[in-house]
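Here is a short tour of a structure for a first-time reader. Look it over, then read on.

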Amino acid sequence: MSLRIVVCVKYVPDATGDRHFADDLTVDRDDVDGLLSELDEYAVEQALQIAENADDAEVTILTVGPEDARDALRKALSMGADKAVHVEDDDLHGTDVIGTSLVLAKAIEKTGYDLVVCGMASTDGSMGVLPALLAERLGVPQVTLLSEVSVEDGTVTGRRDGDAATEHLQASLPAVISVTDQSGEARYPSFKGIMAAKKKPVTSLDLDDLDIDADEVGLTGSWTAVDEATERPARTAGTIVTDEGEGAKQLAEFLAGQKFI
Amino acid sequence: MAEVLVYVDHVDGAVRKPTLELLTLARRIGDPVAVHLGAGADTAAATLAEYGAARVLTADAPEFADYLVAPKVDALQAAYDAVSPAAVLLPSSAEGKEIAARLALRIGAGLITDAVDLEAGDSGPVATQSVFAASFTTRSRVTKGTPVITVKPNSAAPEAAQAAGSVEQLSVTFGETSTGTKVVSRTPRESTGRPELTEAAIVVSGGRGVNGAENFSVIENLADALGAAVGASRAAVDAGWYPHTHQVGQTGKTVSPQLYIAAGISGAIQHRAGMQTSKTIVAVNKDAEAPIFELVDYGVVGDLFQVLPQLTEEIKARKG
Ligand SMILES: Cc1cc2nc3c(=O)[nH]c(=O)nc-3n(C[C@H](O)[C@H](O)[C@H](O)COP(=O)(O)OP(=O)(O)OC[C@H]3O[C@@H](n4cnc5c(N)ncnc54)[C@H](O)[C@@H]3O)c2cc1C
Ligand SMILES: Nc1ncnc2c1ncn2[C@@H]1O[C@H](COP(=O)(O)O)[C@@H](O)[C@H]1O
């Protein structure tokens with residue numbers, strides 16, 4: 001039987017761009033160039049490797065996001081995924097992580113899945129909780145923050161390098177996993193891959209298709225509110241010296257002045 | 001006064017510092033009730049009481065260690081049902097955030113992660129967060145249900161405030177899905193003898209400029225002279241020169257020490273994300289154009305292999 005893998009990827013504002021907030025205090029997604037979150041490339045890579053090691057597997061890329069998020073889907077398809085699903089709806093603007101997990105869970109169920117693969121965190125919101133929320137909603141095991149993963153005979157195993165310990169984890173499919181940036185560099189799309197991606201199917205879904213009411217998502221459906229966003233004042237210019245033999249002494253003077261020594 | 005649940009991070013009853021910070025912040029909102037899962041509650045209770053826990057709810061079961069995250073969600077939910085708190089606070093560790101998220105979903109409540117400050121507001125707790133690689137500060141609230149909030153280490157100075165800290169058994173029934181992810185083996189990390197990276201008052205980090213695992217002793221020697229923790233950039237970690245657990249930045253640890261010293265680190269946005277909120281920042285880099293110099297209080301343009309050993313000697317001499 002075919003192994004159905006769904007990879008959740010997010011389209012995010014470029015971290016090296018000038019990221020900021022829109023007037024309604026949501027992340028401004030219009031003025032800054034977007035891209036497939038670098039951390040989700042690792043998820044695509046692991047999904048492709050798992051698929052390559054399976055007898056028969058199909059990799060679907062799933063994103064919830066604005067029209068431009070299609071770029072992220074194309075990139076993942078050109079890396080080698082088979083098809084894509086794009087959930088897009090004007091009412092989604094301002095949805096928080098709880099709402100996003102609802103939309104993704106419904107879309108995953110509609111698509112059909114044995115394994116859901118996520119990145120460790122999005123590079124804009126960077127909460128790193130969506131995979132756990134998906135597991136909770138879908139009622140399946142979470143095997144998250146893996147730096148190594150494999151799937152065999154309906155079982156997923158992996159290594160989680162935590163703060164306090166390294167753990168080896170195991171769960172039966174269906175399951176939700178997330179992989180870290182320690183899991184192995186993502187492949188670059190080949191020219192052939194880029195050409196092939198243009199012909200791969202991308203399904204668009206809206207909230208109606210997923211039986212979700214508009215007031216369950218968006219700013220109104222959000223269970224949190226941002227009241228204020230202020231730009232951190234630029235740090236005041238410090239003292240910079242060039243070492244001509246005295247640099248260490250000068251630095252020690254500074255540290256002593258600040259009572260660090 | 002309303003009660004606030006505080007999830008305890010501990011190793012066999014030895015309470016970790018971020019929990020003391022949580023108790024301190026919780027007292028701004030209500031009376032802290034600590035939730036201690038696993039062994040060692042009696043040992044922990046003394047410390048928890050010292051920092052203001054009126055009650056300590058505890059449960060111990062093999063499930064907590066044998067399965068990932070979910071059993072702890074069941075237990076925290078049991079505590080939530082028993083207490084009906086005004087808020088639930090957890091440490092912003094990987095596990096703390098996952099437990100928080102699943103609990104929030106179950107109890108139909110809004111979730112805020114990675115707060116760096118917390119205060120009481122007219123309509124519930126107000127959380128300060130640092131976003132977009134710490135270039136913005138936001139103030140947020142939970143608008144539905146009991147706020148579930150995770151707080152980053154070093155967000156408050158722990159203040160003692162003796163309370164009763166009476167230990168009460170919490171009864172927990174594990175749900176069907178809680179034993180889905182088996183922890184097959186667990187290897188605790190060996191202690192380096194240095195302060196914990198996220199808790200340290202001083203952090204000395206090395207980057208690609210350190211140019212080899214064997215050269216990291218230059219960083220370690222300076223750290224030891226200052227009583228500091230050791231950090232590393234992703235470039236140094238990816239090269240295999242230093243363990244990933246020491247990585248500072250977006251996909252590593254966020255640190256906010258009194259003093260951060262960056263040596264041989266250029267200051268990429270993803271690195272800044274993890275250290276920009278440090279009180280005092282110092283850099284040693286041989287490239288005067290390196291972006292890290294935009295952040296510093298004091299910068300030395302020079303070779304780290306010259307400057308760091310001399311600085312280490314100078315510090316040792318001054319400390320006598
Ligand atoms: C999604 C994503 C997540 C990331 N997460 C992180 C993260 O968590 N943490 C992180 O650090 N990076 C992260 N990065 C990587 C980041 O973009 C940079 O590549 C990385 O921080 C560079 O490390 P570096 O400063 O050590 O190396 P470089 O940028 O190569 O800088 C080395 C510096 O050392 C100086 N130098 C060289 N020799 C000497 C000498 N002898 N004496 C003094 N100075 C010297 C050079 O002048 C240079 O400025 C991430 C990237 C992405 C895309
Ligand atoms: N809008 C989205 N569409 C698809 N996947 C997402 C979306 N947001 C988050 N994810 C997935 O969830 C992971 C963690 O996200 P977060 O909890 O927002 O940090 C990401 O790495 C993605 O795999």
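Two strands count as paired if DSSP finds at least two bridges between them. Helices (H or I, at least four residues) and strands (E, at least two) are DSSP runs, numbered from the N terminus.

## Ground rules

This is a predicted model, where local features need pLDDT of at least 70, side-chain atom pairs count only at pLDDT 80 or more, and totals for chains, interfaces and linings use all residues. Residues are numbered from 1 along each chain as its sequence is written, chains are lettered from A and ligands numbered from 1 in the order in which they are written, and side-chain values use heavy atoms, with hydrogens and water left out.

Start with strand β8 (residues 126–131) of chain B. Strand β7 (residues 111–119) of chain B runs antiparallel to β8(B), and four bridges join them. Across this pairing, B:Val126 in β8(B) faces B:Glu119. The two strands make a hairpin with six residues between them, and B:Gly124 in the turn has a positive phi of about 95 degrees.

Strand β9 (residues 136–142) of chain B is also antiparallel to β8(B), with five bridges. B:Gln129 has B:Thr138 in β9(B) as its bridge partner. Four residues separate the strands of this hairpin, where B:Phe132 takes a positive phi near 50 degrees.

## Ligand 1: a shared site

Why is the site of ligand 1 shared between chains? Residues from chains A and B surround ligand 1, so both chains take part. There are 27 residues around ligand 1, and B:Arg208, B:Ser233, B:Ser266, B:Gln270 and B:Asn285 come nearest. Here a residue counts as near if one of its heavy atoms lies within 4 Å.

Polar contacts are pairs of N or O atoms within 3.5 Å; within protein, one must be able to donate a hydrogen and the other to accept it, and residues adjacent in sequence count only if both atoms are side-chain atoms. An N or O atom in the side chain of B:Ser266 is 2.6 Å from an oxygen atom of ligand 1. A nitrogen atom of ligand 1 lies 3.1 Å from a backbone N or O atom of B:Lys286. The protein covers 82% of the 1000 Å² of accessible area that ligand 1 has on its own. Such areas come from the Shrake-Rupley method with a 1.4 Å probe; for residues, only the protein chains shown count as cover.

## Ligand 2 in chain A

Ligand 2 has 19 residues around it, and A:Cys8, A:Asp40, A:Val64, A:Ser122 and A:Gly128 come nearest. Which element gives the most to this shell? It is β4(A), with three residues. β4 (57–64), α3 (97–111), β6 (115–119) and α4 (130–138) of chain A each supply at least two.

A polar side-chain atom of A:Asp40 is 2.5 Å from an oxygen atom of ligand 2. A backbone N or O atom of A:Met127 lies 3.2 Å from an oxygen atom of ligand 2. The protein covers 97% of the 480 Å² of accessible area that ligand 2 has on its own.

Helix α2 (residues 70–79) of chain A has buried residues, including A:Ala72, A:Leu73, A:Ala76 and A:Leu77. An α-helix has 3.6 residues a turn, so residues three or four places apart point the same way. Just after α2(A), A:Gly80 has a positive phi of about 135 degrees.

Helix α5 (residues 191–197) of chain A holds A:Phe191. A:Phe191 is exposed, with a relative accessible area of 65%.

Notes:
Buried < 20%, exposed > 50% of the residue type's maximum accessible area, 1.4 Å probe, protein only.
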